[in-house]
Amino acid sequence: MNGHQPTTSNGTHHDDWNPSSWQSRPIKQPVSYDDQAAVDKSLAKLRHLPPIVTPTEIWKLRRSLEEVALGKAFLLQGGDCAELFDYCYDGAIDSKIKLLLQMSLVLIWGGNKPVVRLARMAGQYAKPRSSPMETFNGKQIPSFRGDILNAYDPENRELDPDRLVQAYFHSAATLNYVRAQLSSGVADLHNPLDWGLGHVSDPELQTKYTTIVESISESLRFMKTIGADTAGQLQTVDLYTSHEGLLLAYEESLTRKLRHPSNRNVPPTYKPAKAPKVSPLTGGAMIDKSIREVETTGYYNTSAHFLWVGDRTRQPDHAHVEYFRGIENPIGIKVGPTTTVDDLSQLLDIVNLGKRSVEELLPRHIDAVRKTGHTVVWQCDPMHGNTRSTASGVKTRSFASIFSELSSALRIHKECGSFLGGVHLELTGDAVTECTGGSQGLQDKDLGSRYETFCDPRLNEKQALELAFLVAGSQREKS
């Protein structure tokens, strides 16, 4: 999802598809265990466990994404680059929930439209690597590929099949706590100051945020005075989960054929026109038969509400795209500057650009997707395309470059008569020093203070909230 991404959902009437059909295709980022019997045992356990998310939740997200695609809502997606099992505790989860709530409140204020919240959490345990091996202290060891496969500790890099089951239980425990917090009123708009600002001590940011909160509180008091206080709708929010669907054996084991929700808003029959134009977000599917009854069941990936295919695994004729084409979940696919228009028309999902490429490539990508007739959500991820290494070899990102790409994306979409539907950020609620710039003025020499990422650099709480204010301010000026 670097640079830019259209997000969509598959039509799933594929007579030649099943959850394991990906196994007949070539695959990138393969995983080879030493003990296949142990792998089979773990996968059998996963197939027996209950779903982590439900079809009702997945369809609720799909309907929300349709609103985003039509420019009626904005999508905020964020979280850790590489989630660790150790992050599964209340403090770490609370900090991410509160940061996403704070950012969404600022974006609602700026754009005057609802915000769909999508956490990069409760399952982001697998990471693609450019090489299966790396050099550590002068010797070759297996690369860290995420907690679902091996440990970050250089002395414990062997692939462990038991981690597949551990990933399930850490995901389930994380989402269970998120649901409990939301149902307990942590997102109640009547008490927005309870969200706190954590490590953000900057007076200007504190003042800006407090001003928004006071404005909302005053409006709520007025509504209550005149008897129009819709308290039940303001006490909680929807927070969906997402991760990269990299380890297909794990994803297949959590794919279930389940009954569709009764209110998913799909017509009883489908009659394609001569040149069908389909909105994947509303459940339509492009099929060959002139009339076909809509099926009552479908295949759902129950590990998360939303999944994406990475830049290294998005080949149209390979295993990952084969798996993703058959599931009901809304999905994304990273697409880089080397992606052809033909490939983009096939994939229809995510465009990965970067600050220097967005001006040249984005208009063409927007035009290519528009010509397919599909409705998509365009989402900007300004993080990956702007990664660089310092003179000492530390990987970092510039806040200024991140905002520059995001600003360009907003402007280009407007010029093309399109909507930038959302933003995807790697962030944390902790006061880390991994990205340079922002009002703190972090420089390369400051990165060692709290450089804690196990993969890519993340925006800290202050930088993430600053970015939300900058985007909100831009939206408010345009409106």
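Predicted model: local features only at pLDDT ≥ 70, side-chain atom pairs only at ≥ 80, totals over all residues.
Q: Is S418 buried or exposed?
A: A residue counts as buried when its relative accessible area is under 20%. For S418 the relative accessibility is 16%, and S418 is in contact with I366, R370, W378 and H413 once its neighbours within four places in sequence are left aside. Because 16% falls under that cut-off, S418 counts as buried.

Q: Where is Q29, and is Q29 buried or exposed?
A: The place of Q29 is in the loop between β1 (5-9) and α1. Leaving aside the neighbours within four places in sequence, Q29 is in contact with P128, R129, R145, L246, R312 and T313. Its relative accessibility is 16%, and therefore Q29 counts as buried.

Q: How many Å apart in space are Q29 and R145, C-alpha to C-alpha?
A: R145 is one of the residues in contact with Q29. Along the sequence the two residues are 116 residues apart. In space, C-alpha to C-alpha, Q29 and R145 are separated by 9.9 Å.

Q: Are α1 and α4 roughly parallel or roughly antiparallel to each other?
A: Helix α1 (residues 36-48) packs with α4 at an angle of about 25 degrees, and their axes are 7 Å apart. Since angles under 35 degrees count as roughly parallel, α1 and α4 are therefore roughly parallel.

Q: Which residues of α4 make the contact with α1, and how many nonpolar residues does the contact have?
A: From α1 the contact takes S42, L43, K45 and L46, while α4 gives D162, L164, V165 and Y168. Sorted by class, this contact of α1 with α4 has two charged residues, one polar residue and five nonpolar residues.

Q: What is the arrangement of α3 to α4, judged by their angle?
A: Helix α3 (residues 90-111) and helix α4 (residues 162-183) pack at an angle of about 60 degrees, with their axes 10 Å apart. The contact is made by D90, I93, D94 and I97 of α3 together with T174, Y177, V178 and Q181 of α4, and by class it has four nonpolar, two polar and two charged residues. The crossing of the two helices is right-handed. An angle of about 60 degrees makes α3 oblique to α4.

Q: Which element gives the largest share of the largest nonpolar core?
A: This core has 80 residues, and M103, I148, Y250 and L459 touch the most other members. The largest share of the core, nine residues, comes from α3.

Q: Which residues is Y250 in contact with, leaving aside its neighbours within four places in sequence?
A: Y250 is among the core residues that touch the most other members. Its contacts include L43 and L46, which also take part in the contact of α1 with α4.

Q: How many Å separate the C-alpha atoms of L105 and L189?
A: L105 lies in helix α3 and is buried, with a relative accessible area of 5%. Leaving aside the neighbours within four places in sequence, L105 is in contact with L189, W195, Y209, I212, V213 and I216. Although L105 and L189 are 84 residues apart along the chain, their C-alpha atoms are separated by 9.3 Å.

Note on methods:
Residues numbered from 1 in each chain as written. Heavy atoms only, no water. Axes fitted to C-alpha atoms, helices over the stretch in contact; angles between N-to-C directions. Helix = DSSP H or I, 4+ residues; strand = E, 2+ residues; numbered from the N terminus. Parallel < 35°, antiparallel > 145°, perpendicular 65-115°, else oblique. Left-handed = near helix turned anticlockwise from the far one by under 90°. Contact = heavy atoms within 4.5 Å. Nonpolar A, V, L, I, M, F, W, Y, C, P; charged D, E, K, R; others polar. Buried < 20%, exposed > 50% of the residue type's maximum accessible area, 1.4 Å probe, protein only. Core = buried A, V, L, I, M, F, W, Y, C linked by side-chain atoms within 4.5 Å.
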